[in-house]
Amino acid sequence: MYKINELIEKIKIDTNNNKDIIYREKVIHKKNIAIIFNEPLTSSNKISDFIIRSLNGISYLDIKKNKLLDAIKNNISNFKYKEITKYEDIFSYLHRGFTLILIDNESVILALETKGNISRGVSTPTSEVSLRGPKDAFNEEIQVNLGLIKKRLKTNDLIETELYLGDYTNVKTVVIGIKNLYKKTTYKKVVDKLKALKTNGVVDGEVLKNYLDKENKSPFPTTMTTERPDTVCRRLLEGRIVILIDNTCYALVLPAVLNDFFRTVEDIYSKSINTSIIRLLKYLAFWLALLAPGIYIALITYNQEIIPTDLLISFAIQRDSVPFPAVVEGFIMMIAFEIIREADLRLPPNVGSSLSIVGALILGEAAVNAGVVSPIMIIVIAITAICSLPFAELELINALRIYRILFMLGGTLLGMVGILLVFIFLTINLTSLNSFKTPYLMPFVPVDKEGIKDSVIKFPHKNHYKLSFNNMEKRNVK
Amino acid sequence: MKKIIILVLFIFFSTGCFNYRELNDLAIVSGVGIDKKGDNLLVTVQVINTVKSSSDSASSAGPKFIVFEAEGKTVQEATRKLILNSSKRIYAEHLELMLIGEDLAKDGILEVFDLFFRNSESRKQFLVMVSQEKSANEVLKILTPLENLNAKNIVDTVKSNAKYLGVSEPITFDNMIADYLTQKKEIYLPSLKVIGSENIGEKKENLEESKSDTEVVITGYALFKDNKLLGYLDLHDSVGTTFLNNKIDKTILTFKCDEKDYISLEVTENKTNIIVKDALNYEINLKTKTKINEINCAIDLEKEKNIKELNKKGKEYLESLITNALTSIKNYDTDILGLENLFYKNFPHKYKSIKNEWYQKYFKNTNFKINIDFKIKEQGNILKVTK
């Protein structure tokens, strides 16, 4: 039993007199009620149309027969309402766009869904473009995102766990898996880990991504992000776990292994033989992006005898009168390119064109003419740059960059031997890496017969390959 | 983990950049010439000019190669003296050609090779050739058309002629040394000659007209015995020698098909096999496939009889070619065919008894029985003679 005035005073104190919370008092047939809502989160139309109008429509007879509460419940035209009995729950509903109806001398508060439409509609994907695939992408509204997934997976077997994360943000987070396909222990581990998260705020999925990736000291990413609901569904069917976070326009997919970053949306829609050729090119691009500048520096400063004579003459002429050692030259170009790339990502599109002029003319043409760098180095860096771009995952590109620099250093200090040393280091790093107990080089090491059919070469298939967990217990990874 | 990272870092920084050499500091050698000059050796080095021209960033300014020369008692002394006039380090791992002057070749060439064989810093797959008449020094200075680098030009010429003509096979340094040291086979090397006017070859004028004044031409094999030059085979005998050594890829046989007109057959496939009967008697089996490239006689090729006739003539011609080559080789009295080795391999026990008398008693008196399986496989697109 509460009195409206007392309760309102209490709420006012607890919300620090927030001006956004509107208290509207109303009298229905001599009984006092109050309507409370958080203005920015609610739709004023919904409140006036469905709540106030419904309340006005309650006749005297209705109240005479029943209690006021039942009359309101009966008359209100909102599809969703909750009865709040605990004082603390008031705020969680208030901050999620519900409208509360307080009735004098009642023990129950009614919460009615009147969420305002403050998200953008479902738009087309921007970072994972596909010619033939569906054109819908996640937006910032978790309810919409869940809808996009459930629209595709019409099953009772979708396992969902709802969590609210962050002391101040209280962000809704849903962990999804498909029963019988996903691995229970991994699912439980992810949920437990998220529950244990102590943070003052999760504004966006990025915090979670870093938190879940934290054990991994390697630059290579062990979670995958995607903004496409169709990709999410495919990964779910492969037995992976997907995390949706409110206010985040992408989903986190885990576990993610190296091979996953080579598989793109478009692959599904092409014939497998055409996909295979593109995969081969991508794997080639991966190695070129890693090794090209390192090997070039190693060859040109240590192992000149490996280069064919004609090519060596051409290199020697181009290198002539370049005042810096090949390494310095390489790093100048690398740094210049990375800065341009970073700037290009951040700049609004209409300023971007001036950047490409600066990049192409000043760094390419003028640097060669001025004799600061050799044309061949520009070619090498350009090949590297092109080769690091066919990957959608930004984290992978960044990891490639770190190892590229290591390879350059190795090549500078020890020649081909140095390249070999860094290569060994890279191999150790990749093989020792786990993504939620899945070995990072999974279809290759350890060999997974099903998965390897969708790696460097893609075989035609009807079903989605299930991510194999067989070998992991044997390996006894931590 | 931290310790491991620190250790790995130490691997990199504990090295002193061993063997680090920037490309700008290297003088890339494409050819080496060695001559005799008085008591000394004259070493000529052909260095690729890698100075960038001002207009085009990918081509060099001035002549495409530069020649340095130095004298010394040994090859090593002379090559080190080269540093006196070259600002860059002489870098011989891209060496393609070693040219030996005639004078030096007559005195013996093995001592010159010691450095190249012993040293790890040059690759051993370069070609070795003998320069007839002119010294190697002069040949390496000649500017050549078609291929900018003189040494590469010579190497390419030898290789293409081995492929299409069979006058000389390209003999690489490592094969030559291996043949000489491990098998009882004498050295034979392709040779070259300079034709045309004197002293123009090294000037730019040589490239300014469509017909160069001075040209380098490949000639027949230079024959050695005990690593000393004996003399040269002419072109026909050289082709015959290549046949005998089973190194023919393609070549042309031109002979008379009637009283005055000629026919050219292209050998498309050849396999030569020498069988040892005893120390004096050898059987040479050839399996040769040819095609008619050109025919000037009025012969009807539709009739099989005529083809057989041509077949017979071709066989006779090839037989004479080989017999002539064998005679010339026997006249020089040097076993470049490796018959001694062949005999040793087949009859190791008998070999001991003839070992010391091979040249005195046996080599000059060897008899050869030549069996040729000669076939004309293709007649070309037209059967009737155009005439």
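Let's start with Asp260(A), which touches Met224(A), Arg240(A) and Pro255(A), leaving aside residues up to four places away in sequence; contact here means heavy atoms within 4.5 Å. This is a predicted model, where local features need pLDDT of at least 70 and side-chain atom pairs count only at pLDDT 80 or more, while totals for chains, interfaces and linings use all residues. Residues are numbered from 1 along each chain as its sequence is written, chains are lettered from A and ligands numbered from 1 in the order in which they are written, and side-chain values use heavy atoms, with hydrogens and water left out.

Asp260(A) sits in the loop between strand S10 (251-254) and helix H10 (265-269) of chain A. Helices (H or I, at least four residues) and strands (E, at least two) are DSSP runs, numbered from the N terminus. With a relative accessible area of 3%, Asp260(A) is buried; buried means under 20% relative accessible area, exposed over 50%, and partly exposed in between, using a 1.4 Å probe and protein chains only. The side chains of Asp260(A) and Arg263(A) are joined by a polar contact of 3.2 Å. A polar contact is a pair of N or O atoms within 3.5 Å; within protein, one must be able to donate a hydrogen and the other to accept it, and residues adjacent in sequence count only if both atoms are side-chain atoms.

Now for the sheet in chain A. Five strands make an open, antiparallel sheet in the order S1-S2-S4-S5-S3, where two strands pair if DSSP finds at least two bridges between them. Strand S1 (21-28) and strand S3 (81-84) of chain A each have a single partner strand, so they stand at the edges with one side lacking a neighbour in the sheet. From one strand to the next, the twist averages 25°. S3(A) pairs with strand S5 (residues 109-113) of chain A over four bridges, in the antiparallel sense, and Lys82(A) stands opposite Ala111(A) in S5(A). Helix H4 (residues 68-75) of chain A packs on the sheet and touches S1, S2, S3, S4 and S5 of chain A, its direction making about 150° with that of S4(A). Axes are lines fitted to C-alpha atoms, for helices over the stretch in contact, and angles run from 0 to 180 degrees between N-to-C directions.

Further along chain A, there's a helix pair to look at. The axes of helix H13 (residues 326-346) and helix H14 (residues 349-369) of chain A come within 10 Å and cross at roughly 170°. H13(A) and H14(A) are therefore roughly antiparallel, as angles over 145 degrees count as roughly antiparallel, under 35 as roughly parallel, 65 to 115 as roughly perpendicular and the rest as oblique. Among the residues that meet are Met333(A) and Ile340(A) from H13(A), and Leu355(A) and Leu363(A) from H14(A).

Over to the cysteines. A search of the whole structure turns up one disulfide over all chains, a disulfide being a pair of cysteine sulfur atoms within 2.5 Å. Cys257(B) and Cys297(B) form it, with their sulfur atoms 1.5 Å apart. The link of Cys257(B) and Cys297(B) is right-handed, with 70° about the S-S bond. Cys257(B) counts as buried at 3% relative accessibility, and Cys297(B) counts as buried at 0%. Cys233(A), by contrast, is in no disulfide, and the nearest cysteine sulfur, that of Cys249(A), is 17 Å away.
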